[in-house]
Amino acid sequence: MEVLENNIYPIFDRMLGREDKEALLGQRGVMVWFTGLSGSGKSTIAIALERELHKRGLLCRILDGDNIRSGINNNLGFSPEDRVENIRRIAEVGKLFVDTGVITIAAFISPNNELREMASAIIGKADFLEVYVSTPLAECERRDVKGLYAKARKGEIKEFTGVSAPFEAPERPDLSLDTSVLSVEQSVSRLLELIIPKVEIKH
């Protein structure tokens, strides 16, 4: 039995494997990781994608920034260290879902390549689909659904991505979606073309 530091005794070797869970569900687990500015349409597309996958009899789970920060990560702020820990925890939780055969949809700003690469490394590159919601800053700010850009411009929110903190676009995303030119339906259609071949179990 492997023993880790602090007298931790993992039991992974005695648990049912991922293949058993995927066979039960009739699908493969995968992480669909949305990244993009606040207001770019990440959550809107994620919700529409979840509904479409559900219609097709595929089990999925959304992990969304606001939901996670009000729950498992409610003790984290927005310092550089806390941003890293926020994504690390999300990736670890996401890996549990993926390893259970669940199509996991993560919608987080995750503003730089280092953070996203960390998430990919935790989950596993073969199971990680990076989707860049590339809606331009001007359009995100025009929408300003939550009123956050207005507050950031007034200096009421410090280190706000796109205004007072940088956003680093993905270098090689699996898919880019600009919701200023694509409808939700068009975006979901392109996502399905990417995801379905990854999650189908061929008999």
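Which side chain makes a polar contact with the side chain of Thr179? Select Thr179 and Thr135: their side chains make that contact at 2.7 Å (a pair of N or O atoms within 3.5 Å, one able to donate a hydrogen and the other to accept it; residues adjacent in sequence count only if both atoms are side-chain atoms).

This is a predicted model, in which local features need pLDDT of at least 70 and side-chain atom pairs pLDDT 80 or more, while totals for chains, interfaces and linings use all residues. Residues are numbered from 1 along each chain as its sequence is written, and side-chain values use heavy atoms, without hydrogens and water.

Stay on Thr179. A polar atom of its side chain also lies 2.7 Å from the backbone oxygen of Ser40. Thr179 counts as buried because its relative accessibility is 15% (buried is under 20%, exposed over 50%, partly exposed in between, with a 1.4 Å probe and protein chains only).

Ser110 is buried, at 3% relative accessibility. A polar atom of the Ser110 side chain is 2.9 Å from the backbone oxygen of Phe108. Leaving aside neighbours within four places in sequence, Ser110 is in contact (heavy atoms within 4.5 Å) with residues including Trp33, Ile87 and Phe167.
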